[in-house]
Amino acid sequence: MISINRLRGWLINWVLYVASNIPRRTTTHYDLVIVRTDALGDYVIWHDSLSAYKKQFVGKRVLLICADLVCPLAEQEPFFSDVLSFSRGRFGHNLRYCIKIIWSIKKISADNV
């Protein structure tokens, strides 16, 4: 018998596969996209290494994709042009929310990720 969690995982993987094969329309271009899906403590530790990015990408458009817990701290950082946040809990359990976040990310084009 297949467990509900395994069935949910297969369904999410199938949706991700189908969504990845649909042509995308990019609406926003960034010079750099940084993806940090970890928690608040890891972001605080990583924040010190942000100075290396600041030196290399002076005056560039930078997007940070992060967990919603990190968003208030990230929005205070002037280096990021935009911050896209998502709920890690909802992303893993809510298929509609998962698709919404994926479509938001698919609209982004970037030189460096």
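In this predicted model, helix α1 passes α6 in a right-handed crossing (the near helix is turned clockwise from the far one by less than a right angle). The two helices, α1 at residues 4–20 and α6 at 95–106, pack at about 25°, with axes 11 Å apart; axes are lines fitted to C-alpha atoms over the stretch in contact, and angles run from 0 to 180 degrees between N-to-C directions. That makes α1 and α6 roughly parallel, a label for angles under 35 degrees. On the α1 side, Leu11, Ile12, Val15, Leu16, Ala19 and Ser20 meet Leu95, Cys98, Ile99, Ile102 and Lys106 of α6, contact being heavy atoms within 4.5 Å. By class, this contact has nine nonpolar, one polar and one charged residues (Ala, Val, Leu, Ile, Met, Phe, Trp, Tyr, Cys and Pro count as nonpolar, Asp, Glu, Lys and Arg as charged, the others, Gly among them, as polar).

Helix α6 turns up again at the largest pocket, where α6, β1 (28–36) and β4 (108–112) each supply at least two lining residues. Helices here are DSSP runs of H or I with at least four residues, and strands are E runs of at least two, numbered from the N terminus. The lining comes out at 11 nonpolar, two polar and one charged residues.

As for the whole chain, there are six helices and four strands, in the order α-β-α-α-β-α-β-α-α-β. The C-alpha atoms fill a box of roughly 55 × 35 × 20 Å along the principal axes.

Residues are numbered from 1 along each chain as its sequence is written, and side-chain values use heavy atoms, leaving out hydrogens and water. Local features need pLDDT of at least 70 and side-chain atom pairs count only at pLDDT 80 or more, while totals for chains, interfaces and linings use all residues.

Methods
Angles under 35 degrees count as roughly parallel, over 145 as roughly antiparallel, 65 to 115 as roughly perpendicular and the rest as oblique.
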